[in-house]
Amino acid sequence: MTVRRFGTLLAALGAIFILTTASDASAQRLTDREQTLWVEAESFAERGGWVLDTQAMDAMGSPYLLAHGLGVPVADAKTTVSFPKAGKYKVYARTRNWVAPWRPEETPGTFQVAVDGKKLETVFGTNGADWSWQEGATVEISADKLDVEIALCDLTGFDGRIDALVFTADGFVPPEEIDAMKPLRLESRGLSAEYRTVGDGKVYDLVVVGGGIAGTAAALSAARLGLSVALIQDRPVLGGNGSSEVRVGLNHFLNLPPYPNLGNLTFLLGPHHGGNAREAEHYRDRTRAELVALETNIDLYLNVRVNVVESAKSESGSVRINAVCGENVATGERLRFVGKTFADCTGDATVGFLAGADFRMGRESKAEYGEPSAPEETDAMTMGASVQWNTVETDAETSFPEVPWAIRFSEKTIRPSTHGDWDWEAGMNLDQIADIERIRDIGLRAAYGHWSYMKNKTTGSWAAKVKNRKLGWVAHVAGKRESRRLLGDVVLREQDVLDETPFEDASVTTTWPIDLHYPAPDNVKAFPGEEFRSICKTTRIEPYAIPYRCLYSRNVENLLMAGRNISVTHVALGTVRVMRTGGMMGEVVGMAASICKERNCLPRDVYVSYLDDLKAAMRKGVAPPTEKARKAVRLAAQFERPAWLPQDAKNWASEAKIAVSSDYQGAAKYSATAINDGKFDVYQNTGRWVSDKASTHWVDFEFAEETTLDAVRVVSGQASAKTPLADFRLQVERDGAFVDVESAAVRSNDLVIVNLRFNPVSGKRFRLQIDKTPDDLARLWEVEFYCVGAPRVEK
């Protein structure tokens, strides 16, 4: 078996290399230069419309600013700098032509630099595929005005990027080597190379690195159990793929046996109905921030990227982490976090990798674990990263330019659409860590190329449909599914899940199918080498409880993990990787950390000696939120059982005979019997009725005898999309014709579950008349009828 333990070695080699380059570069110290000024782009006081991009900083050396304007030039970024002396200063910008790997002759990401309101004639962003210093024009600074405003002036809105500026009047040439730049970056901002220990030497009970759903749940769980927690996130918001930056809906089930109280906390962390690439507000960034702010035991550090782990060999010979260190991606400040126990919730297994933990990346061979779905040979393929996008309707006709530098579509290769969902997925044959900028850029080129074709080349109904639409949002942060996976005492396999192999330390229950993604064959054929669409191959599973031993490292003794970097094979990752499941892992990690503190033990000891403690904690679940927190999260009332509906109320719909206006004519089959079968799962598209396309639809309910109703619940739409019934009304048959039931009509609906009460109405036949639906398809999971305030009429 191939196991990677590169982190410790790389850390050691990196330290040697840094010391060497720092010594060699000492002649280029900025303090030795009387007329050189270095300006980090992320330090600009006003970013205007530029966004801070940190995804690739480990590969290219720094955060950078990105002019992500969807084809409209963004507002200038501005800051004021103090030049050391008057003189003529040569300007350098560290930048790149981001489309050069594919179209070197094209330069869409260009910008200019303005000094004291005057733009230099140099157009930056034209210097080649790699990050490098592009030499610009010379600017003269006068002695009577050394404090000068500089600005970054985007020219296109198409993702120009800049890392840093250098102004020099003394012949300084900035180095190209990443490590040679590090001390100069620090010096330019007056920062020490030392990492400052936060909290005046505070030792945290738990340090959580990664603020996605799994990491946020781990921090909240531990804090509510009394632990002091540092939660470190390298983005400005919590939520990871479930945040407004990436916009992936949360899936799948919570609160299942054997520990139905697992999920109480995760339920609070995101929207409760599906949907990808929707409006930003849907993803509840504020909710998560408020929940964390309410916990006095949590110290939250946003915009901090961990890049160093301090560790040592323990008496047992395994690795023990003492601290993690990182830098604030906006200010450059270096911070050190000391802890007793650590949780790697980064997705990329960053902490484990840097600590020297055993890990895997790519696909295991069939021979290694005997998995039926594994390839014959080990390879580096992973699932990809999605760059989702959407468009919005406007009041007037819109335009979008031709983009010859983007992925080029034709009548044969276009798949008309007004939004890009999960399957706009790239990079399966690239390195999801080292190549993430390239992977994201493939996604950008795909989105822009597609929309340009839709606006400029389509005809007929599609041309009419997009006439007044414009790009509303394109993700600049790629949503990863897979990279490194840390290895624990148990590596979960495909057959464990399919055969329901029992483990005594069963914990979080996974319900998502084994869902593996591959490049779409037609996309591979049409766009070889720059594939951006995927297909999924799924294997249905029964609910399966993941062993706790998948949630801690086998060779880093105080490291827990939650999320997509836990101890599973590539195939088994297909079921455990969704965010609600990851959130429940975080809850368990917080519980395990609390036992580590209480028992003065390590994560492995929780299994070996204190498993009963963990089981008791999982049975109890995490403490419910305070009343203040309940108000803060603004739970979606539609998913809570209405107060007026008793738990034992009879659903009369199950006794009705169903008839529908039409059935879906596509390959998939959606039976009308699902409408009143008494069950629904809004995270699965099975178990629904779907109509054929038409402007209106109806569902009839015929009872054997006259029945009195005064309430209805309608559950409609589809998983991962916002398509509930828009306009509908309940009718009752009178003298052979259907008439509307008073107060039982809905217009402009956007809720998946609609609860309606009305005055008691008696009849043998009722109709749900559907007057308007998204894309002329009616989609119904369930209709429930109740009589809460009046009895059924008995004959």
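Where does T458 lie? T458 turns up in the loop between helix 8 (436–456) and helix 9 (460–466), with helices taken as DSSP runs of H or I of at least four residues, strands as E runs of at least two, both numbered from the N terminus. The model is a predicted one, in which local features need pLDDT of at least 70 and side-chain atom pairs count only at pLDDT 80 or more, while totals for chains, interfaces and linings use all residues. Residues are numbered from 1 along each chain as its sequence is written, and side-chain values use heavy atoms, with hydrogens and water left out.

With a relative accessibility of 16%, T458 counts as buried; the cut-offs are under 20% relative accessible area for buried, over 50% for exposed and partly exposed in between, using a 1.4 Å probe and protein chains only. A polar atom of the T458 side chain lies 2.5 Å from the backbone oxygen of M454. Setting aside neighbours within four places in sequence, T458 touches Y453, A463 and V466, where contact means heavy atoms within 4.5 Å.

Another loop residue, A478, has its place between strand 23 (469–474) and strand 24 (479–480). A478 is buried too, at 7% relative accessibility. Again leaving out neighbours within four places in sequence, the contacts of A478 are Q55, A385, S386, V387, I436 and R440. Between the C-alpha atoms of A478 and D441, 37 residues apart along the chain, the separation is 9.2 Å.

Now for strand 6. Five of the five residues of strand 6 (residues 111–115) are buried, so the strand is largely enclosed by the rest of the structure. In a regular strand the side chains alternate between the two faces of the sheet. Here F111, V113 and V115 point one way, Q112 and A114 the other way, and all are buried. Strand 6 runs antiparallel to strand 9 (residues 147–154), joined to it by five bridges; two strands pair if DSSP finds at least two bridges between them. Two bridges also join strand 6 to strand 7 (residues 118–119), again antiparallel. V115 takes part on both sides, standing opposite I150 in strand 9 and having K118 as its bridge partner in strand 7. The hairpin of strand 6 and strand 7 has two residues between the strands, and D116 takes a positive phi near 55° there.

Aromatic rings come next. Rings of Phe, Tyr and Trp (its six-membered ring) pair if their centres lie within 6.5 Å, with planes under 30 degrees apart called stacked, over 60 edge-to-face and the rest tilted. The count comes to 25 aromatic pairs. One of them is the tilted pair of Y64 and W131, at 4.9 Å centre to centre and 50° between the planes. This pair links distant parts of the chain, 67 residues apart: Y64 is in strand 3 (residues 64–68), W131 in the loop between strand 7 and strand 8 (132–141). Y64 and W131 are both buried.

F409 and F532 have ring centres 5.7 Å apart and planes at 70°, so the pair is edge-to-face. F409 is buried at 13% relative accessibility, and F532 is buried at 3% relative accessible area. W389, F409, W424, W451, F527 and F532 form one aromatic cluster.

Technical notes. A polar contact is a pair of N or O atoms within 3.5 Å; within protein, one must be able to donate a hydrogen and the other to accept it, and residues adjacent in sequence count only if both atoms are side-chain atoms.
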